[in-house]
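User: I have a model open and want to go through it piece by piece. Can you take my questions as they come?
Analyst: Go ahead.

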Amino acid sequence: TIACESSIGTWTDIKTLSRSIIRKLKPHVFSINQNTNIIKIAYPINLFERGNIPQLLSSIAGNIFGMKILKSLRLEDIKFPPTYTSAFKGPKYGVRGVRNLLRIRERPILGTIVKPKLGLSAKQHAKVAYNAWVGGIDAVKDDENLTSMAFNHFKDRVAATLSKRDKAEKKTGEKKVYFPNVTAETGEMIRRAEYVRRLGGEYIMVDIITCGWSSVQALRDAELGLIIHAHRAGHGLFTELREQGMSMLVVAKLARLVGVDQLHVGAIVGKMKGGAREVEHIGEEITDAFVKSSDSDHILAQNWKGIEPVFPVCSGGLHPGLVGSLMKHMGHDIIIQAGGGIHGHPDGTTSGARAMRQ
């Protein structure tokens, strides 16, 4: 029933469904595991419009979730053929581009989120960012719900913070970056990104779930030359239920296709949900019913022809005392984001940043 509703069928026999259509476009249910309740369905590539993620999800994650015949349903994974992925640009920079910009070859990239996430003025925000940078942090970002507020206008914040970035670079002799949150209606989001570029910014941040795949793809396709940091705020609405919804693995794969350069994946040891196996592999195939990739253990780094790897971002309840454990799980090719774990230091933000760098 799932295969039928996702493709060429409906709830009853219809005269308009010809044998030639069935022969060319019918899906194939090729595995049913009654122990795990996992099914695998193969769909002909011609059922899908290249480069159109909304159409893809409307097909395989659309009406089927609302059908009475189903007690529960969860989309665990999608495997794409190269003929599908080739229609997407993928990340413009990815892991290599970020490391080249920051001139950091081996260690993790260190970042912080300005706290409190809401309430600071543009000047106060910029001062906190400066204190973090001079303490040893590489990157400072806005939080997911800080956009353009009455007490902190977007343009004022970006101008003030980038000015402090320049000052921090002169003081430390190191490259520093700022991720302003451009999340908004698509046209406004692109205009905000263009403003960041005009002021000498090299990064932007976007809430990919709440903005939607089309918005994020439009931002990438605008070719603004900015690194895109993807925040996954809202994913838990459909990824946290084990028997219903969609896995974080699917989110990660789609994010890579539309072209984000780095993506929040969880942190194992912090405050956010997500066990070691899920976070290490970005929800890598979680049962033996799936065939493990031979390219890489890490979904975001698998060898997708023409598609750059995405930088995984670990965040949520992190502090210097957890870095060793985090790196034991994730290695050095990660971006470590700590908010309260830096700003909560008894001696203030600069000391917290220094402790994280050490």
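This is a predicted model: local features need pLDDT of at least 70, side-chain atom pairs count only at pLDDT 80 or more; totals for chains, interfaces and linings use all residues.

User: What does strand 4 pair with in strand 12, and in which sense?

Analyst: Strand 12, residues 335–337, pairs with strand 4 in the parallel sense over 3 bridges. L110 has I336 as its bridge partner there.

User: Moving to helix 5. Which of its residues are buried?

Analyst: Helix 5 spans residues 94–102, and its buried residues are G94, V95, G97, V98, R99 and L102.

User: What do the buried residues of helix 5 pack against?

Analyst: They pack against strand 4, strand 6 (177–179), strand 7 (203–207), strand 8 (227–231), strand 10 (262–264) and strand 11 (311–315).

User: What follows helix 5?

Analyst: R103 follows helix 5, and its phi is positive, near 60°. R103 is not a glycine. Its place is in the loop between helix 5 and strand 4.

User: Is R103 buried or exposed?

Analyst: R103 counts as exposed, at 56% relative accessibility.

User: How do strand 1 and strand 2 pair?

Analyst: Strand 1 (residues 28–33) and strand 2 (residues 38–42) are antiparallel, with 5 bridges. V29 of this pair is opposite I41 in strand 2. The hairpin has 4 residues between the strands.

User: On peptide bonds, which residues does the cis one at P116 join?

Analyst: The cis bond joins K115 and P116, with omega about 0°. P116 lies in the loop between strand 4 and helix 6 (122–135).

User: Different region. Where is S247, and is it buried or exposed?

Analyst: S247 is in the loop between strand 9 (245–246) and helix 12 (248–258). S247 is buried, at 4% relative accessible area.

User: What is S247 in contact with, beyond its sequence neighbours?

Analyst: Leaving out neighbours within four places in sequence, S247 is in contact with R74, L75, E76, D77 and T239. H235 is 12 residues from S247 along the chain, and their C-alpha atoms are separated by 9.0 Å.

User: And L73, buried or exposed?

Analyst: L73 is buried, with 14% relative accessible area. L73 lies in the loop between helix 3 (53–60) and strand 3 (74–75).

User: What does L73 touch?

Analyst: Not counting residues up to four places away in sequence, L73 touches I2, I64, F65, E243, Q244 and G245. The C-alpha atoms of L73 and D143 are separated by 32 Å, and the two residues are 70 apart along the chain.

User: Now the whole chain. How many helices and strands?

Analyst: The protein chain has 16 helices and 12 strands. Its radius of gyration is 22 Å, close to the 21 Å that the globule rule gives for 358 residues, so the chain is as compact as a globular protein of that length.

User: What box do the C-alpha atoms fill?

Analyst: Roughly 75 × 40 × 35 Å, along the principal axes.

User: What about burial and contacts across the chain?

Analyst: Of the 358 residues, 51% count as buried. Among contacts between residues at least 6 apart in sequence, 71% join residues at least 24 apart.

User: Last one: what about surface and charge?

Analyst: The chain exposes about 16,700 Å², and carbon and sulfur atoms supply 51% of that. There are 49 positive and 34 negative side chains, and the centres of the two sets lie 2 Å apart.

Terms used: Residues are numbered from 1 along each chain as its sequence is written. Side-chain values use heavy atoms; hydrogens and water are left out. Two strands pair if DSSP finds at least two bridges between them. Helices (H or I, at least four residues) and strands (E, at least two) are DSSP runs, numbered from the N terminus. The radius of gyration is taken over C-alpha atoms; the globule rule is 2.2 Å times the number of residues to the power 0.38. Buried means under 20% relative accessible area, exposed over 50%, partly exposed in between (1.4 Å probe, protein chains only). Contact means heavy atoms within 4.5 Å. Accessible areas come from the Shrake-Rupley method with a 1.4 Å probe; for residues, only the protein chains shown count as cover. Lys and Arg count as positive and Asp and Glu as negative; His and the chain ends are not counted. The place of a charge is taken as NZ of Lys, CZ of Arg, CG of Asp or CD of Glu.
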